[in-house]
Amino acid sequence: MINQLAMKKNELITLGFKSLTLLLLSATVIESIYIINVKDKEDYIYNIYLIVLQFLILISLVTYLYFYKKVKEEKASILEKVEKKEDELILKIDEIIQSKLTDSDFNVVEIEKEIGVSRPVLLNRFKKVKGTTLVNYIKKERLKKAEVLLVTSSDNISEIAYKVGFSDPKYFSKVFRQDKELTPTEYRRQKQLDN
């Protein structure tokens with residue numbers, strides 16, 4: 001689709017040059033005829049030449065603006081389709097992540113296989129839309145779920161770590177502390193005091 005957009009842009013530029021060439025050629029021909037045939041500016045033929053020249057300029061401008069508008073509309077349509085596809089892709093990735101959050105072996109390779117898109121394309125599109133890497137996003141989603149479990153359940157920290165897909169409770173505590181600047185236990189206490 002992007003290639004189509006570039007092609008349309010090139011066609012528009014080519015059309016602009018053709019219109020300009022037609023305009024300059026017409027002006028040159030008319031001026032040449034004028035120089036050969038007309039001695040007085042008040043002459044009737046001179047006025048006809050000017051009208052023809054203005055008419056050619058008008059046709060060139062209208063043609064150029066028409067195709068410019070058409071290409072601009074097509075560009076907007078193509079961009080809208082690309083954004084829609086990217087949104088659908090991100091929604092599917094979100095669904096996969098939410099369904100596999102508890103799996104400690106879950107990683108980007110599984111998303112890649114389920115989506116059917118190569119890793120570079122997958123990672124670039126995801127980062128473009130979400131503004132973060134896929135690995136960091138998965139980690140943040142796991143931490144969000146951990147926050148909820150810390151407040152709503154009485155499970156110990158190790159159990160919560162396993163429930164949100166961390167295979168090592170110590171690593172879970174370390175990541176949680178980096179993100180929240182509190183250990184999971186401190187976070188739980190603080191939320192209990194707030195309520």
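Where is E181 found? Select E181: the loop between α7 and α8 holds it. Keep in mind that this is a predicted model.

**Stop 1: the loop residue**

Stay on E181 and look at its backbone. Its phi is near 60 degrees, a positive value in a residue other than glycine. Now show the surface. E181 is exposed, with a relative accessible area of 68%.

**Stop 2**

Is E147 buried or exposed? E147 counts as buried, because its relative accessibility is 17% and the cut-off for buried is under 20%. K180 is partly exposed, with a relative accessible area of 30%.

Salt bridges that share partners join K140, E147, D179 and K180 into one network.

**Stop 3**

Select helix α2, residues 44-100. Then pick D94 and K130. These two form a salt bridge, with the closest N and O atoms 3.5 Å apart. D94 lies in helix α2 and K130 in helix α4 (residues 119-130), so the pair ties together parts that are 36 residues apart in sequence. D94 counts as buried at 16% relative accessibility. K130 counts as partly exposed at 34%.

Now go to K100 and E114. What joins them? A salt bridge does, and its closest N and O atoms are 3.7 Å apart. K100 lies in helix α2 and E114 in helix α3 (residues 108-115), so parts that are 14 residues apart in sequence are tied together. K100 counts as partly exposed at 24% relative accessibility. E114 also counts as partly exposed, at 42%.

How many salt bridges does the structure hold? The structure holds nine. Side chains of opposite charge can pair when their charged atoms come close.

**Stop 4**

Y68 is found in helix α2. Y68 is partly exposed, with a relative accessible area of 38%.

Then select E80, E83, D87 and E88. What kind of charge gathers here? These residues form a patch of negative charge on the surface. E83, one of them, has its place in helix α2.

**Stop 3: a charge without a partner**

Finish at R188. R188 is found in helix α8, residues 184-194. Which side chain of opposite charge is nearest to R188? That is D155, 6.5 Å away. A salt bridge needs a side-chain nitrogen within 4 Å of a carboxyl oxygen. R188 is buried yet has no salt bridge.

Now select what surrounds R188. Leaving aside neighbours within four places in sequence, R188 is in contact with L149, L150, S153, S154, D155, N156 and I160. D155 is thus on two of your lists: the contacts of R188, and the nearest opposite charge.

Conventions:
Residues are numbered from 1 along each chain as its sequence is written. This is a predicted model: local features need pLDDT of at least 70, side-chain atom pairs count only at pLDDT 80 or more; totals for chains, interfaces and linings use all residues. Side-chain values use heavy atoms; hydrogens and water are left out. Helices (H or I, at least four residues) and strands (E, at least two) are DSSP runs, numbered from the N terminus. Buried means under 20% relative accessible area, exposed over 50%, partly exposed in between (1.4 Å probe, protein chains only). Lys and Arg count as positive and Asp and Glu as negative; His and the chain ends are not counted. Contact means heavy atoms within 4.5 Å. Patches are made of residues with over 30% relative accessible area and no salt bridge: like charges are joined within 9 Å, nonpolar side chains (Val, Leu, Ile, Met, Phe, Trp, Tyr) within 5 Å. Accessible areas come from the Shrake-Rupley method with a 1.4 Å probe; for residues, only the protein chains shown count as cover. The place of a charge is taken as NZ of Lys, CZ of Arg, CG of Asp or CD of Glu.
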